[in-house]
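Reader: I would like a close look at one part of this model. Take me through the strand pairing, then the helix packing, step by step.

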Amino acid sequence: MAWRNLDNTSVDNRHLAIDNITRKGGAAISIIFTVDDNRLTEKVHDVSLGLQETRPLGMSLADFLSFGNEMEENHAVYSRMIRIATEYDSLKESSYYLRLKEFVDLCIEDPTLYSLDTVMFFFHLRGASIPEHHLEYRFDPDHRAEDLVTSQESMSSFACAIRGFSLSNKNNIVITTVYTCDGLDDLCMASLYHLARMGLRLKRCNNCGQYFVALRRADAIYCDRQSPFRKNKTCKEDGPSRAFEKKAKINTAAKLHRNLYAAKLMLTRRNPDIPHYKESFEQWKLQSKSWKADLIAGRKSEEDYLQWLIADKSRR
Ligand SMILES: [Zn+2]
């Protein structure tokens with residue numbers, strides 16, 4: 001067995017050659033999905049559409065699941081595939097997409113549900129299987145595995161290769177998993193399967209609400225996208241300060257609400273003969289209740305609520 005140092009170019013050429021190969025069902029292999037476990041990256045290569053993109057692992061699936069009504073403005077790689085290949089026209093409404101999202105949401109809501117077993121059962125329910133895949137090895141020319149073995153005359157090159165590999169530092173070898181996918185469904189399955197195999201979780205960002213993969217830290221709560229609230233910051237940078245500001249606003253509002261409540265109560269008690277005070281207090285209590293319901297439902301912001309209380313205070 002000969003040792004080969006595969007560089008990127010030769011790998012890509014090999015992939016391009018797959019363009020003309022068809023699988024059992026006769027469908028063309030259209031997407032090559034390559035995962036690098038060490039670097040935590042993925043490469044999505046749609047051969048027929050000529051699209052190729054390398055991103056953090058799981059990011060393309062996370063973007064795909066984050067599609068909202070602004071799907072057309074989404075520049076993520078899956079989105080571009082959908083736009084180019086008309087077969088995915090109504091994908092957003094397809095039971096396939098909705099079930100995938102439902103499954104991921106279930107696992108986010110109840111993290112104990114998420115495991116490779118559950119993902120495989122989900123595949124079973126969808127009649128899906130793990131897309132065809134194989135491993136590729138790229139060796140650093142300066143750390144050739146067979147150099148680690150003191151070659152003896154009796155040792156075959158095959159034995160030398162196996163022994164060398166077992167002794168080598170795996171950090172010096174780029175090992176990638178290459179999935180060959182028939183379409184976007186397959187690509188999603190490959191991505192979901194690989195994430196589950198590595199024990200990596202899909203989550204929703206506490207700042208922007210979009211899906212992301214907790215790659216470096218399992219307890220991550222913010223994604224690395226640009227924050228929708230501060231353009232020069234990522235969610236990871238912006239999230240904690242926004243959460244702090246939000247908490248501070250809630251505290252200020254709660255304090256102000258308590259003071260206003262006490263003042264209004266005192267006014268009604270001291271003036272039992274003026275019914276207007278009591279009526280306006282009752283009305284204010286109802287308004288407060290409605291504000292709180294709006295805050296919980298996300299219809300109004302903490303800042304809006306605070307401004308309402310400040311305006312109320314200044315009227316007194
Ligand atoms: Zn985010």
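Predicted model: local features only at pLDDT ≥ 70, side-chain atom pairs only at ≥ 80, totals over all residues.

Author: Val35 stands opposite Thr177, a residue of strand 5. Now widen the view to the strands. Strand 1 covers residues 31-36, and strand 5 covers residues 173-181. These two pair in the antiparallel sense, over six bridges.

Five strands make up an open sheet, and their order is 3-2-1-5-4. The pairing is antiparallel. At the edges sit strand 3 (51-56) and strand 4 (133-139). Each of these edge strands pairs on one side only. On average, neighbouring strands of the sheet are turned by 20° against each other, direction ignored.

Now the helices. Two packed helices are described by the angle between their axes and the distance between the axes. Here the pair is helix 5 (residues 116-126) and helix 7 (residues 184-197). They pack at an angle of about 160°. Their axes are 9 Å apart. Angles over 145 degrees count as roughly antiparallel. Helix 5 and helix 7 are therefore roughly antiparallel to each other. The crossing of helix 5 and helix 7 is left-handed.

Which residues meet there? Helix 5 brings Leu116, Val119 and Phe123. Helix 7 brings Met189, Leu192, Tyr193, Ala196 and Arg197. By class, the contact of helix 5 with helix 7 has seven nonpolar residues, one charged residue and no polar ones.

Technical notes
Residues numbered from 1 in each chain as written. Pairing = 2+ DSSP bridges. Helix = DSSP H or I, 4+ residues; strand = E, 2+ residues; numbered from the N terminus. Axes fitted to C-alpha atoms, helices over the stretch in contact; angles between N-to-C directions. Parallel < 35°, antiparallel > 145°, perpendicular 65-115°, else oblique. Left-handed = near helix turned anticlockwise from the far one by under 90°. Contact = placed C-beta atoms within 7 Å. Nonpolar A, V, L, I, M, F, W, Y, C, P; charged D, E, K, R; others polar.
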